[in-house]
Amino acid sequence: MIEISHVDKWYSPTFQVLTDCTTSVAKGEVVVVCGPSGSGKSTLIKCVNALEPFQKGDISIDGIKVNDPKTDLPKLRSRVGMVFQHFELFPHLKIIDNLCLAQEKVLGRAHDKAMTKGMALLDRVGLKEHAKKFPAQLSGGQQQRVAIARALAMDPIAMLFDEPTSALDPEMISEVLDVMVDLAREGMTMMVVTHEMGFARKVANRVIFMDRGEIVEDALKDDFFGKPRSDRAQKFLSKILSH
Amino acid sequence: MFSNFDFNVIIRALPYLFYEGMSFTILLTALSALGGLVFGTALALMRLSGYKILGRIAGLYVDFMRSLPLVLVIFWFYFLVPYIGQWLTGASRPISVGAFASSLVTFIMFEAAYFSEIMRAGIQSISRGQPAAASALGLTYAQTMRYVVLPQAFRNMLPVLITQTIVLFQDTSLVYVLSITDFLGAASKVAQRDGRLVEMYLFAAVVYFTISCIASYGVRRLQSRIAILR
């Protein structure tokens, strides 16, 4: 579904953020990307739907190259859901309008159909009664669940999560992870940048460990948590799992 | 000076001052603000578009307009536009556009430079995550601007935009140099006709002061309300 091959990215000629990144996410697979901060994991996931440009290599989604200038990027992006660290709900729109905007303007759905779909998804993430509120009236965890519902409203073929729980208070993390676990169990193709190793253990098929812009380890979940091959991944795991 | 201050002069002139003068002033202010906002937003988008040439053109335009005195631009347009019209249409004589059309075009062009800077600041105040989220949903650049960025930028900047419009409201009195009957022009005409300079100019000042003050107060109220909503 998502093919990443030999991607290099430089912020400036002397500062390379991604070095020869190659991996893939198969249909229905859940891949967790972890690593210390500054390792390039968020940059990599943003390259997948071309929110960040990259200079070398190829990324394709469902066979369509994202780095081909001829690709209709808005159309491709509309098929890939993305959830951000800081939610990025549109603060001037009500919750339900956040869910309807792209359905109507991008997919051309009729307003009542978009509303029905939006309400069903809000119900699914447990926020139906908040439909008429504005984002600022919701807690962080609720906003992030709305953001997931907003992405799902586009009927995506895959979902990208960029540190979806990093900006949340600890007591709100599980309500977001629960939604994501459900999604994973339903067979959604997911690429998730996160430090939540509990989530990785529960639903991930594979775990990718990045450090200094490189993919250091790309292993099946059990292999990764059992005995990571690289020193760096072992150190990282021992640090975040010791508490 | 005030020994023979005559309120009746003012009262008799009221219908003329407001029906002819103030309605013109308000019409010119409203249309100029609207046009200036649309054109100014376009200039701001050009400057932020990432296309160097577009940005340079808009930047030069803004700097140019902000470096000229408004009265000069009003004169300039009034005398130049007919010749430009003649040149464009190939007519044998300069095309008369009338003082109103000429002053309206002037104010739109001039105010656009100021509104564009306000809108630019407003657009830059939106976090980069917002357009990223909009793009990620599949919205095009134009849709992202129209439905996500500009509504927020406009809302954030509304108090500043209204403040600029109050300045514009006062500046429209400069059309007096084209002997247009705006509010000040009307007051001036009555003053000359009746020889009542003190009454008419004092009254005009009071009216401008009152309207601007009330509007400024409204802006402060609005600011505090917006602050709560965010």
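Guide: Two strands count as paired if DSSP finds at least two bridges between them. This model is predicted, and in it strand 1 (residues 2-12) of chain A and strand 2 of chain A are joined by seven bridges.

Visitor: What makes strand 1 and strand 2 of chain A a pair, and in which sense do they run?

Guide: The cut-off is at least two bridges. Strand 1 and strand 2 of chain A have seven, in the antiparallel sense, so by that definition they pair. Within this pairing, A:Lys9 stands opposite A:Leu18 in strand 2 of chain A. The two strands also form a hairpin, with two residues between them.

Visitor: Why are strand 2 and strand 5 of chain A said to stand at the edges?

Guide: The sheet is open, with four strands in the order 2-1-4-5 in chain A and antiparallel pairing. Strand 2 (15-25) and strand 5 (64-65) of chain A each have a single partner strand, so one side of each has no neighbour in the sheet.

Visitor: Which helix packs on this sheet, and what does that helix touch?

Guide: Helix 1 (residues 41-48) of chain A touches strand 1, strand 2 and strand 4 (56-61) of chain A. The direction of helix 1 makes about 120 degrees with that of strand 1 of chain A.

Visitor: What is the strand order in the sheet of six strands?

Guide: In chain A the order is 6-7-8-3-9-10; this sheet is open as well, and its pairing is mixed. Strand 6 (80-83) and strand 10 of chain A are the edge strands, each pairing on one side only. From one strand to the next, the twist averages 15 degrees.

Visitor: Why is A:Asp162 called buried?

Guide: Buried means under 20% relative accessible area. A:Asp162 has 3% relative accessibility, so it counts as buried. A:Asp162 is found in strand 7 of chain A. Leaving aside neighbours within four places in sequence, its contacts include A:Ser42, A:Lys46, A:Met82 and A:Val193.

Visitor: Which residues have the most contacts inside the largest nonpolar core?

Guide: They are A:Ile148, A:Met159, A:Phe161, A:Met180, A:Met190, A:Phe199 and A:Phe224, in a core of 52 residues. Helix 6 (residues 170-185) of chain A gives the most to this core, with nine residues. Not counting residues up to four places away in sequence, A:Phe161 touches A:Ile45, A:Val83 and A:Leu183, among others.

Visitor: What makes helix 5 of chain B mostly covered?

Guide: Of the eight residues in helix 5 (residues 129-136) of chain B, seven are buried. Among them are B:Gly129, B:Gln130 and B:Ser135. The buried residues pack against helix 2 (73-78), strand 6 and helix 5 (140-152) of chain A, together with helix 6 of chain B. B:Gly138 follows helix 5 of chain B and has a positive phi, near 100 degrees.

Visitor: How do helix 4 and helix 6 of chain B cross, and at what angle?

Guide: The axes of helix 4 (residues 98-124) and helix 6 (residues 141-171) of chain B come within 9 Å and cross at roughly 145 degrees. The crossing is right-handed. Residues making the contact include B:Phe107 and B:Glu111 of helix 4 and B:Val149 and B:Gln164 of helix 6 of chain B. The contact residues divide into 15 nonpolar, three polar and two charged.

Note on methods: Residues numbered from 1 in each chain as written. Chains lettered and ligands numbered in written order. Predicted model: local features only at pLDDT ≥ 70, side-chain atom pairs only at ≥ 80, totals over all residues. Heavy atoms only, no water. Axes fitted to C-alpha atoms, helices over the stretch in contact; angles between N-to-C directions. Left-handed = near helix turned anticlockwise from the far one by under 90°. Contact = heavy atoms within 4.5 Å. Nonpolar A, V, L, I, M, F, W, Y, C, P; charged D, E, K, R; others polar. Core = buried A, V, L, I, M, F, W, Y, C linked by side-chain atoms within 4.5 Å. Buried < 20%, exposed > 50% of the residue type's maximum accessible area, 1.4 Å probe, protein only.
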